[in-house]
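Biologist: Could you take me through how the strands pair in this model, one question at a time?
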Amino acid sequence: MAISYAGSSTSRRITDATGTAVATFARPGAGEHDVTVAVAKVPATILRLRKPARGSRVALAGGKTVMTRNRTAVVRALPHVAIKSDKTVFDPGAPLRGRFTVTKSLGTFSRSAEVTLHGPFTNWSQASCATRPRARVIRPVVGNTWKYLAAATPPRGLYVWKVRLSGDRLNAPVTACGGATSVRGTPIAVVKALRSRYRVGARPAADLVTRKLYHYNEVATVRLYGPFAARDRVACGVRKEVHAIQVRVTANGTVRSPGVRVTARGWYGWRATLPGDARHLSVRTACAAPSSIFEVR
């Protein structure tokens, strides 16, 4: 048996006891390939009569012929799926959007794609598409690039997307994980005066109390405003800022600011600002919160 396909050399094989011959070729490129099998010296099944120009006719049996068959073999393509979120950081309440691009695919047939969102994770070493999905979208895919949208805004944390692209006659199914993104959380911060009353020349300090922080390491600013003639007149205008103190915040809990010397009588108030990062929105404590006000006599 002579077995070949376009672009290859012919492989000659002898059938085994079961009448089967196997030929192995280096894998060609993806697509449809015509395979030809030719079998020589196949006994003919037709009785032939030879009619000479003179003499009797002669019956001829046992002739040989060549049998040829063609078939189409399909080598399925292995598409590549690239996933990308529209942004690497989303704020709370914003829908998560992204897209995936399919390349190295054959044909224009419609296939289905399942897009799932996985998370939240607290750090990227934990991020995996093997976890239970938080959101799922299934849609038909024709062409190269498709957008996806999370059904609901998830809580803060780190997330990855998984795309399962179904297979067809010309393409193998493929699964990809990527499109890393994060949803920022809103921390809670309160600044408190240590005491409600001081003497002139004292050095008041403040406690900055924070919650809902994770993997945070930023420098917060604690500002002191004053003096004011009455408690109910405490405000946070730039012209009344007395001191701006930098304190590093690395975890939930309480951070005490250094003391600052006050030389004028009146009412004062503290206010703090926590800068945002990839996991947190920036927050400012309330101006003139009752716990932040103290008096200097």
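Biologist: In S9, which residue is the bridge partner of alanine 82?

Modeller: This is a predicted model, and in it strand S7 spans residues 80-85, whereas strand S9 covers residues 97-103. The two run antiparallel and are joined by six bridges. Within that pairing, the partner of alanine 82 in S9 is threonine 101.

Biologist: What is the order of the strands in the open sheet of three strands?

Modeller: Strand S7 (80-85) and strand S12 (145-149) are the edge strands, each pairing on one side only. The twist from one strand to the next averages 20°. With antiparallel pairing throughout this open sheet, the order is S7-S9-S12.

Biologist: Turning to strand S14, how many of its 10 residues are buried?

Modeller: Strand S14 comprises residues 174-183 and is mostly covered. Taking buried to mean under 20% relative accessible area, the count for S14 is seven.

Biologist: Which residue in S14 is the bridge partner of phenylalanine 90?

Modeller: Strand S8, made up of residues 89-90, runs parallel to S14 and is joined to that strand by two bridges. For phenylalanine 90, the partner in S14 is valine 183.

Biologist: And which residue in S14 is the bridge partner of valine 163?

Modeller: Here the pairing is with strand S13 (residues 157-165), which runs antiparallel to S14 and is joined to S14 by eight bridges. In S14, the residue bridged to valine 163 is alanine 176.

Technical notes
Residues are numbered from 1 along each chain as its sequence is written. This is a predicted model: local features need pLDDT of at least 70, side-chain atom pairs count only at pLDDT 80 or more; totals for chains, interfaces and linings use all residues. Side-chain values use heavy atoms; hydrogens and water are left out. Two strands pair if DSSP finds at least two bridges between them. Helices (H or I, at least four residues) and strands (E, at least two) are DSSP runs, numbered from the N terminus. Axes are lines fitted to C-alpha atoms, for helices over the stretch in contact, and angles run from 0 to 180 degrees between N-to-C directions. Buried means under 20% relative accessible area, exposed over 50%, partly exposed in between (1.4 Å probe, protein chains only).
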